[in-house]
Amino acid sequence: MPIIVNLDVMLAKRKMKLQDLAEQVEITPQNLSILKTGKAKAIRFSTLEKICEVLNCQPGDILEFQCPL
């Protein structure tokens with residue numbers, strides 16, 4: 001999939017655990033893990049907005065498009 005999820009990078013930069021982010025975003029750790037590992041098929045804008053608020057970042061810091069060769 002050409003969309004890369006950099007949630008683990010942002011968590012490391014903020015020195016935050018997945019569980020802590022899940023609690024603040026009000027999403028299950030399992031669903032957040034699916035997103036983190038790139039297995040999610042979609043993400044709600046409201047969820048992306050909450051993640052960005054908590055991590056104090058932009059959507060582009062979390063999601064990246066890589067053009068397939």
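Residues are classed here as buried when their relative accessible area is under 20%, as exposed when it is over 50%, and as partly exposed in between (1.4 Å probe, protein chains only). The structure is a predicted model, in which local features need pLDDT of at least 70 and side-chain atom pairs count only at pLDDT 80 or more, while totals for chains, interfaces and linings use all residues. Residues are numbered from 1 along each chain as its sequence is written, and side-chain values use heavy atoms, with hydrogens and water left out.

The protein contains 5 helices and 2 strands, defined as DSSP runs numbered from the N terminus (helices: H or I, at least four residues; strands: E, at least two). Along the sequence, these elements follow the pattern β-α-α-α-α-α-β. The radius of gyration, taken over C-alpha atoms, is compared with a globule rule of 2.2 Å times the number of residues to the power 0.38. For 69 residues, a compact globule would have a value near 11 Å, and the 11 Å of the protein agrees with this. Along the principal axes, the C-alpha atoms fill a box of roughly 40 × 20 × 20 Å. Of the 69 residues, 29% are buried.

With contact taken as heavy atoms within 4.5 Å, residues 24 or more positions apart account for 61% of the contacts with a separation of 6 or more.

Helix α1 spans residues 7-14, and L7, M10 and L11 are buried in this helix. These three residues lie on the same side of α1, because they cover an arc of only 100 degrees around the axis, the arc being that of the directions from the helix axis to the C-beta atoms. The buried residues of α1 are covered by elements including β1 (3-5), α2 (18-25), α3 (29-36), α4 (45-55) and α5 (59-62). On the face turned away from the buried side, α1 carries the exposed residues A12 and K13. Just after α1, K15 takes a positive phi of about 50 degrees.

An unreviewed UniProt entry lists residues 13-62 as "domain: HTH cro/C1-type"; such annotations may be inferred rather than shown by experiment. This span is 66% helix and 0% strand, and its end C-alpha atoms lie 12 Å apart.

The structure holds 0 disulfides, a disulfide being a pair of cysteine sulfur atoms within 2.5 Å. The cysteine sulfur closest to that of C57 belongs to C52, and the distance of 4.2 Å is too far for a bond. C57 counts as buried, at 9% relative accessibility, whereas C67 is exposed, with a relative accessible area of 59%.
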